[in-house]
Amino acid sequence: MNRVLNPEPARDCPLCPRLVAYRQENIRQNPDWWNGPAPSFGDPNARLLIAGLAPGRMGANRTGRPFTGDHAGWLLYDTLRKTGFAKGNYDPDGKDDLALIDCMITNAVRCAPPLNKPTGAEENTCRPFLIDRLAALPRLKVIVTLGDVSRRSILRTLGHPGTAIPAGHGVEGKVGAYTIINSYHCSRLNTNTGRLTPDMFEEIFHRARLALAE
């Protein structure tokens, strides 16, 4: 009998004490926010998965949707629309008609961490959800990782060392049936410093489109 997949944690997931305490602090300060693990967003039959690191306090922790409500979301969703992986309008409060096409977005760690930095132990604790998220996408072919922590987490999720594919923007490799393409994270820091430009980011998703066609 096949095991039932569990790709999304419960809204009140108790597994990481530090993240639970931070979540409870956010609930006290902002009871109208989502304040829980951010569920994956997108097409359940997606061939492309985008993997981030963790929700931002003012982003998915507030809105309940990955990359919604923070700076990174503007660039990510605009780029996905330009490359045909999304349609509709994006609103930073999530009150929109945005839909992903052949694409899903998830995070290696589902709860917002203090200072946007989950610990290695928290990554390990949350990894079973990522394992099940990949397994629940029957057509998955390409994974875009946003940042090196996400890259390492995806590789470990697939049973490989975090060094199996080198770091660096645009570095690409094959792991089993999957093509993995690493991108710099679309954070405010990276875009404001010019480390990641819109053209650089868009090129990653053009490459993902080519990989899907192979």
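Predicted model: local features only at pLDDT ≥ 70, side-chain atom pairs only at ≥ 80, totals over all residues.
Hi everyone. A cavity, in the sense used here, is a set of grid points where a 1.4 Å probe fits but cannot get out. Keep that picture in mind, because a pocket, by contrast, is an open set of points.

How many cavities of 30 Å³ or more does the structure hold? There are 2 of them. The largest cavity has a volume of about 100 Å³. It is lined by 15 residues, and C13, L15, C16, C111 and C126 are the closest to its centre. If you want to find the place on the screen, look for helices α1 (17–29) and α4 (120–135), the elements that give two or more residues to this lining. The lining is made up of 12 nonpolar residues, 1 polar and 2 charged.

The second largest cavity has a volume of about 30 Å³. Its lining consists of L19, Y22, R23, N26, G36, P37, N61, C111 and A112. Helix α1 provides the largest share here, with 4 residues. By class, we have 5 nonpolar, 3 polar and 1 charged.

Now for the open spaces. The largest pocket contains about 800 Å³ of space. Its lining has 31 residues, and nearest the centre you will find L53, A54, N116, H185 and S187. The classes are 14 nonpolar, 11 polar and 6 charged.

A quick word on the record. An unreviewed UniProt entry annotates residues 39–205 as "domain: Uracil-DNA glycosylase-like". In the model, that span is 33% helix and 19% strand, and its end C-alpha atoms lie 22 Å apart.

On to the aromatic rings. The structure holds 4 aromatic pairs. Let's take F201 and F205. Why is this pair called edge-to-face? Their ring centres are 5.2 Å apart and their planes meet at 85°, so the pair is edge-to-face; the cut-off for that label is over 60 degrees. Both residues sit in helix α7 (residues 198–213), and because they are 4 residues apart there, about one helical turn separates them. Are they buried or exposed? F201 has 0% relative accessibility, so it counts as buried, and F205 is buried as well, also at 0%.

Elsewhere, ring pairs join F41, W74, Y77 and Y90 into a cluster. Two arginines also sit over rings. R195 lies over the face of Y184, 3.7 Å from the ring centre. The charged end of R209 is over the ring of F85, at 3.9 Å from its centre.

Finally, a look at the backbone. Most residues other than glycine have a negative phi. F67 is not a glycine, yet its phi is positive, at about 55°. You will find F67 in the loop between α2 (60–63) and α3. L115 is not a glycine either, and its phi is positive too, at about 60°. This residue is in the loop between β5 (103–107) and α4.

Key:
Residues numbered from 1 in each chain as written. Heavy atoms only, no water. 1 Å grid on protein atoms, 1.4 Å probe; cavity = no way out; pocket = protein on both sides within 12 Å on 5 of 7 lines; lining within 4 Å. Points joined across faces, edges and corners; volume = space filled by probe spheres on them. Nonpolar A, V, L, I, M, F, W, Y, C, P; charged D, E, K, R; others polar. UniProt positions renumbered as here; feature names shortened; annotations may be inferred. Phe/Tyr/Trp six-rings, centres within 6.5 Å; stacked < 30°, edge-to-face > 60°. Buried < 20%, exposed > 50% of the residue type's maximum accessible area, 1.4 Å probe, protein only. Lys NZ or Arg CZ within 6 Å of the ring centre and 35° of its normal.
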